[in-house]
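Me: I have a chain open on my screen and would like to talk it through slowly. Could you help me read it?

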Amino acid sequence: MLDDFFTRALIAGIGLALVTGPAGCFVVWRRLAYFGETIAHSSLLGVAFAIVISIDLVIGILASAALVAFIMFYLDRRGTLPTDTLLGLLAHGGLALGLVILSFFPTMRIDLHGLLFGDILAVARVDLAVIWGGGAVVLGVLAWLWRPLLAATVNPDLAAVADLKPDRARLIFGLLVAAIIAAAIKIVGILLIVALLIIPAATARRFAPSPEWMAAGAAAVGAGATVGGLYASATRDTPSGPSIVVTALAFFIVTRADGLRKAGQLVLSRGR
């Protein structure tokens with residue numbers, strides 16, 4: 001069964017969706033979309049470091065992503081610059097530095113297209129072990145962190161008074177996002193991983209009666225987008241990673257169809 005590359009791609013994508021769904025809920029609630037983009041963009045620096053010291057790319061990406069999360073947490077606590085400015089500096093600085101380092105290795109063959117857009121159809125057995133094993137660890141930590149992180153999202157001051165350690169929760173969550181992005185680079189790439197964190201969670205938000213149901217719904221939407229995107233890619237000969245994201249976006253648009261229709265009618269009525 002696992003010898004079939006399409007089956008492996010389905011198993012890997014669903015495993016990733018089960019993790020990005022719940023984690024993406026906090027990304028949406030805490031308005032951390034740009035934080036995810038920052039870690040994803042700076043991961044190219046991790047690729048460069050991995051090549052320089054001859055280690056696995058995933059380890060290099062995880063190390064650079066964790067470093068960016070620590071730097072962001074430290075600078076944000078000092079309050080020297082606005083958060084969006086810090087994110088912009090880290091994102092583009094890490095991306096540029098990574099490209100500069102890679103330029104010193106002109107003979108090194110790097111699949112930049114695969115890094116940017118992923119190649120889920122090339123997932124191997126060891127990748128499945130990393131995705132599902134690492135995903136189980138991430139979900140376990142997220143379950144342990146759920147109450148303090150949710151309290152810190154709603155009201156950080158009350159969370160601190162209740163001794164829920166909101167700063168620690170924020171830091172650990174940042175490291176979890178870094179781990180998710182490092183594991184997902186091979187599947188959907190640097191430019192698309194944040195979409196899988198945001199779109200399923202945003203889709204499930206409208207129908208969820210509670211945070212827990214939203215997390216479950218986001219995981220279901222992500223898994224459905226993976227299955228639909230892969231089958232669309234196989235039948236229409238389109239890129240697999242972008243096809244998954246486009247399918248997730250289609251789910252979001254369908255769930256917002258009524259709102260979009262009302263907005264269009266309002267625009268037309270004002271035009272008259």
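**Talking through the helices**

Reply: Buried here means under 20% relative accessible area, exposed means over 50%, and partly exposed is in between, with a 1.4 Å probe and protein chains only. This is a predicted model, in which local features need pLDDT of at least 70 and side-chain atom pairs count only at pLDDT 80 or more, while totals for chains, interfaces and linings use all residues. Residues are numbered from 1 along each chain as its sequence is written, and side-chain values use heavy atoms, with hydrogens and water left out.

Me: Which residues of α9 are buried?

Reply: They are I193, V194, A195, L196, L197, I199, P200, A201, A202, T203 and A204.

Me: And how far apart are the end C-alpha atoms of α9?

Reply: They are 19 Å apart, which agrees with the 18 Å that the 13 residues of α9 (residues 193-205) should span at 1.5 Å a residue. The expected span of a helix is 1.5 Å times one less than its number of residues.

Me: How many helices and strands does the chain have?

Reply: The chain has 12 helices and zero strands. Both are DSSP runs numbered from the N terminus, where helices are H or I with at least four residues and strands are E with at least two. As for burial over the whole chain, buried residues make up 45% of its 272 residues.

Me: What about α3, how does its span work out?

Reply: The 22 residues of α3 should span 32 Å at 1.5 Å a residue, and the end C-alpha atoms are 32 Å apart, which agrees. The buried residues in α3 are G60, I61, S64, A65, A66, V68, A69, M72 and F73. Just after α3 comes G79, which takes a positive phi of about 70°.

Me: Which residues have a positive phi although they are not a glycine?

Reply: S54 has a positive phi of about 60°, and D237 has one of about 55°. S54 lies in the loop between α2 and α3, where it is exposed, with a relative accessible area of 66%. D237 is in the loop between α10 (211-236) and α11 (240-255), and it is exposed too, with a relative accessible area of 72%.

Me: New topic: how many salt bridges does a search of the whole structure find?

Reply: The search finds one salt bridge, a term that stands for a side-chain nitrogen of Lys or Arg within 4 Å of a carboxyl oxygen of Asp or Glu. D167 forms it with R170, and the closest N and O atoms are 3.4 Å apart.

Me: Where do those two sit along the helix?

Reply: D167 and R170 are three residues apart in helix α8, which means that about one helical turn separates them. An α-helix has 3.6 residues a turn, so residues three or four places apart point the same way. D167 is partly exposed at 31% relative accessibility, and R170 is partly exposed at 27%.

Me: How much space lies in the second largest pocket?

Reply: About 310 Å³ of space lies there. Of the 16 residues that line the second largest pocket, the closest to its centre are L32, F35, M72, D76 and R170. The elements that give two or more residues to this lining are α2 (33-52), α3 (57-78), α4 and α8 (166-188). A pocket is found on a 1 Å grid over the protein atoms alone, as an open set of points where a 1.4 Å probe fits, with protein on both sides within 12 Å along at least five of seven lines, and lining residues have an atom within 4 Å of a point. Grid points are joined across faces, edges and corners, and the volume is the space filled by probe spheres set on the points.

Me: Last one: which residues make the nonpolar surface patch?

Reply: V52, I53, I55, I59, V100, F104 and F105 make the patch, which is about 660 Å². Patch residues have over 30% relative accessible area and no salt bridge, with like charges joined within 9 Å and nonpolar side chains (Val, Leu, Ile, Met, Phe, Trp, Tyr) joined within 5 Å. Accessible areas come from the Shrake-Rupley method with a 1.4 Å probe, and for residues only the protein chains shown count as cover. F104 is in the loop between α4 (83-103) and α5 (112-117), and it counts as exposed at 63% relative accessibility.
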